[in-house]
Amino acid sequence: MSKISEAFKNGKAFIPFITCGYPNIETTEAIVREMVKNGADLIELGIPFSDPTAEGPVIEAASLRALENGTTSDSVFEMVQRLREDISIPLVFMTYANVVFSYGSERFISKCREVGIDGLILPDIPFEEKGEFSDFCEKYDVDLISLIAPTSDDRIEKIAKDAKGFIYIVSSLGVTGERKSIKTDIRAIIDKIKKNTAVPCAVGFGISTSEQAREMAEEADGVIVGSAVVKLAGEFGIDSPSHIGEYVKVMKDAIRGI
């Protein structure tokens, strides 16, 4: 069984995202430790890319700043190795196909296994074109996480049956970022998914408040928050770990017991 399933075994999972190397790699490491201390069940680590097509302005700016700081895939791998000395919760990378391809797909994915990364999210790879990466993920026991969007419709069954780790449900059309409200019928999407797989579902894109988190957790198995976390990293810089830890605690408390 995938280690990622551990994130969902004790109720609704809270899954924060952080851009690695923003504001610097040392602060990212401290942020991850504070997230774990305050209740994160799984953490998405974003490897920065120069053209992050799925990201809104907050994460896009963080990615560019991280690259300017000299953040590389290798520096992120090294950070994960340090984190794995005392952190055991599931960790997944979220990045783009070109980052993996330019590193060497097999080399990148084997390195994920070596340092203790449990899953990989590539938002720019359509389900039908994931073969080059999924074969290596199978070989090295790294879950390639599938995304399902409001427009997936007739592809939901196929994607769900093939899913590994957890399914990332994109709550809204467009790019990442905070939204005042989420209009998508998440329940209808989850009903279709659950008819075809027992793999957990987590909802992301647009969630930033504890009320939104609780609302989404009533439907899904987990809640993903990215832009609101990265925004705090930008606002407080090297002092951000404690602020992000407090935010994670508030969000986790909001979905506890649902």
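In this predicted model, phenylalanine 205 lies in the loop that links strand S7 (201-204) to helix H9 (210-217). The phi angle of phenylalanine 205 is near 80 degrees, a positive value in a residue other than glycine. Because the relative accessible area of phenylalanine 205 is 7%, under the 20% limit, this residue counts as buried. Aspartate 141 is placed in the loop between helix H6 (131-140) and S5. With a relative accessible area of 54%, over the 50% limit, aspartate 141 is therefore exposed.

The axes of H9 and H11 come within 8 Å and cross at roughly 35 degrees, and the crossing of H9 past H11 is right-handed. On the side of H9, the contact is made by Ser210, Ala213, Arg214 and Ala217, and on the side of H11 by Val250, Met251, Ala254 and Ile255. Sorted by class, the residues of this contact are six nonpolar, one polar and one charged.

The strands of the model form a closed barrel. Eight strands run in the order S1-S2-S3-S4-S5-S6-S7-S8, with parallel pairing. On average, and with direction ignored, neighbouring strands of this sheet are turned by 25 degrees against each other. In general, the strands of a sheet pair through backbone hydrogen bonds, in either a parallel or an antiparallel manner. Strand S4 (residues 119-121) pairs with strand S5 (residues 143-148) in the parallel sense over three bridges, and glycine 119 stands opposite aspartate 143 in S5. H3 touches strand S2 (43-46) and strand S3 (91-94), and the direction of H3 makes about 170 degrees with that of S3. Helix H11 (residues 240-255) touches strand S1 (13-19) and strand S8 (222-225), and the direction of H11 makes about 155 degrees with that of S1.

Strand S5 also pairs with S6 in the parallel sense, over three bridges. In this pairing, serine 146 stands opposite isoleucine 167 in S6. Within strand S6 (residues 167-170), Ile167 and Ile169 point one way, whereas Tyr168 and Val170 point the other way. All four of these residues are buried.

Phenylalanine 166 belongs to the largest nonpolar core of the model, which has 91 residues. Together with Leu45, Phe93 and Phe108, Phe166 is one of the residues with the most contacts inside this core. When neighbours within four places in sequence are left aside, the partners of phenylalanine 166 include Ile4, Phe8, Leu42 and Glu44. Further contacts of phenylalanine 166 include Ile121, Ile145, Ser146, Val199, Pro200, Ala202 and Ile224.

A further helix pair is formed by helix H1 (residues 25-37) and helix H3 (residues 73-83), which pack at an angle of about 35 degrees with their axes 11 Å apart. H1 passes H3 in a right-handed crossing. The residues of H1 that take part are Ile25, Thr28, Glu29, Val32 and Arg33, and these meet Ser75, Val76, Met79, Arg82 and Leu83 of H3. Five nonpolar, two polar and three charged residues make up the contact of H1 with H3.

The loop between S1 and H1 holds proline 23. Proline 23 is joined to tyrosine 22 by a cis peptide bond, for which omega is about 0 degrees.

Two other positions illustrate differing surroundings. Glycine 56 is found in the loop between S2 and helix H2 (57-68). The relative accessibility of glycine 56 is 2%, under the 20% limit, so this residue counts as buried. Glycine 56 and asparagine 69 are 13 residues apart in sequence, and their C-alpha atoms are 20 Å apart in space. Alanine 188 lies in helix H8 (residues 186-194). Its relative accessibility of 33% falls between the limits of 20% and 50%, and alanine 188 is therefore partly exposed. The C-alpha atoms of alanine 188 and lysine 139 are separated by 34 Å, the two residues being 49 residues apart along the chain.

Terms used: Residues numbered from 1 in each chain as written. Predicted model: local features only at pLDDT ≥ 70, side-chain atom pairs only at ≥ 80, totals over all residues. Heavy atoms only, no water. Core = buried A, V, L, I, M, F, W, Y, C linked by side-chain atoms within 4.5 Å. Buried < 20%, exposed > 50% of the residue type's maximum accessible area, 1.4 Å probe, protein only. Contact = heavy atoms within 4.5 Å. Axes fitted to C-alpha atoms, helices over the stretch in contact; angles between N-to-C directions. Helix = DSSP H or I, 4+ residues; strand = E, 2+ residues; numbered from the N terminus. Left-handed = near helix turned anticlockwise from the far one by under 90°. Nonpolar A, V, L, I, M, F, W, Y, C, P; charged D, E, K, R; others polar. Pairing = 2+ DSSP bridges.
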